[in-house]
Amino acid sequence: MYTEDDRRAMQRAIDLAWQGVNTTMPNPRVGCVIVRDGEVVGEGWHRRAGEPHAEVLALQQAGERARGATAYVTLEPCSHHGRTGPCADRLVEAGVARVVAAMEDPNPLVNGQGLGRLRAAGIDVRCGLLEEEARALNEGFISRMQRGRPWVRLKAATSLDGFIALPDGESQWITGEAARTDGHAWRARASAILTGSGTVQADNPALTVRHVATERQPVRVLVDARLQVSEHAAIFGPGETWVAHAMPPDWPDDGHRQRLLDRGVRLLYLPAADGRHVDLPALMRAMGEAGFNEVHVEAGAGLNAALIQAGCVDELLLYVAPALLGQGLPAFALPAVPGLDDRIRLAWREATPVGDDLRLRLRVLTEAQDESPASSGANGAVRAS
């Protein structure tokens, strides 16, 4: 069905799309290559929301040479009016003869309608070439469209025996500089960085992207059930910060709420069933509604465990140092499982040396989350401090 030339062109489109890895949210990352008579006549990739889509940029570059050509695009061309017009219509107007899409758009506003519009215009349409690679581009966007919440990646840096710090809390630095820089690259691609009050009170992190170049800083999201973190904490520095809490509006305080609001902090009242902790699945839904595609978690053992138990974690990003601490603080404060059949199952995705350390990526598999980003997450409330 597909030739090697088709595969090479689609791989090029995917490579182009990755150039928008840090900038396109809430939009998907998309690349497009236009080929006529074996020659690439146009290329484009989506840079950021509100700017031209990949197909439009490729068509602009191709000009009249797009007529009779094949357009390779990593995601089904859109068929609706958003900040820009429908790309499907632009392809029809340009007179392309064939469109090869890597996957259908999971956005309900599109979801096959773009391909249908192209077919109705007499264009030869194919879909599914390098779909797995295309889905990897946009796990967050797919998750938000299909589940109503972001793709959540939980990062931790540990010793080989699984500790993130010494018993007294000292943790700087278990892993090396290369791993820390790599971790900031993963921060940069996220819509938001999430942490807990314990981490902020212990380490006072800024949670900004510093070790790699970036055009934007992710939103910082703090889970602080009791509204205990000082408004002077580094997390409330320049940029957008959310605080998810469980303190009712009529709870008396010393003006702390107002001081946070005065600093531009967005407060989200999201109590769990007990009224004392944050409803984490509700927080995920709120972030999905805000257009967050990927959420990067850097938290302590308690919040890490609570997120996993709530079915809110899709992937683990672990940096493992070749060192043993013997004793220390674990990455996950999970209770013992009653039996091996009840263990939390993980699927290997990647094991890559980074400097002297090892980067591991694992998919979290639970009853509520199978290997597909389309599966639904847990909906119940969970305690988190």
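1. Confidence. This is a predicted model. Mean pLDDT for the protein is 91, and 94% of the residues reach at least 70. One stretch needs care: residues 368–385 have pLDDT below 50. That stretch still makes 67 contacts in the model beyond near neighbours in sequence.

2. The annotated residue. The UniProt record, an unreviewed entry, puts an "active site" feature at Glu55. In the model, Glu55 sits in helix H2, which spans residues 54–62.

3. Is Glu55 buried or exposed? Glu55 is buried, because its relative accessible area is 3% and the cut-off for buried is under 20%.

4. Surroundings of Glu55. Neighbours within four places in sequence are set aside here.

5. The largest pocket. Its volume is about 1100 Å³. Strands E6 (151–158), E7 (163–165) and E14 (329–330) each give two or more residues to the lining. So do helices H7 (177–189), H8 (197–203) and H11 (301–309).

6. Pocket lining. How many residues line the largest pocket? The lining has 43 residues. Nearest the centre of the pocket lie Ser171, Thr199, Asp203, Glu298 and Ala299. By class, the lining residues of the largest pocket comprise 19 nonpolar, 16 polar and eight charged.

Conventions. Residues are numbered from 1 along each chain as its sequence is written. This is a predicted model: local features need pLDDT of at least 70, side-chain atom pairs count only at pLDDT 80 or more; totals for chains, interfaces and linings use all residues. Side-chain values use heavy atoms; hydrogens and water are left out. UniProt positions are given in the numbering used here, feature names are shortened, and annotations may be inferred rather than shown by experiment. Helices (H or I, at least four residues) and strands (E, at least two) are DSSP runs, numbered from the N terminus. Buried means under 20% relative accessible area, exposed over 50%, partly exposed in between (1.4 Å probe, protein chains only). Contact means heavy atoms within 4.5 Å. On a 1 Å grid over the protein atoms alone, a cavity is a set of points where a 1.4 Å probe fits but cannot get out, and a pocket is an open set with protein on both sides within 12 Å along at least five of seven lines; lining residues have an atom within 4 Å of a point. Grid points are joined across faces, edges and corners, and a volume is the space filled by probe spheres set on the points. Ala, Val, Leu, Ile, Met, Phe, Trp, Tyr, Cys and Pro count as nonpolar, Asp, Glu, Lys and Arg as charged, and the others, Gly among them, as polar. pLDDT is the predictor's confidence in each residue, from 0 to 100.
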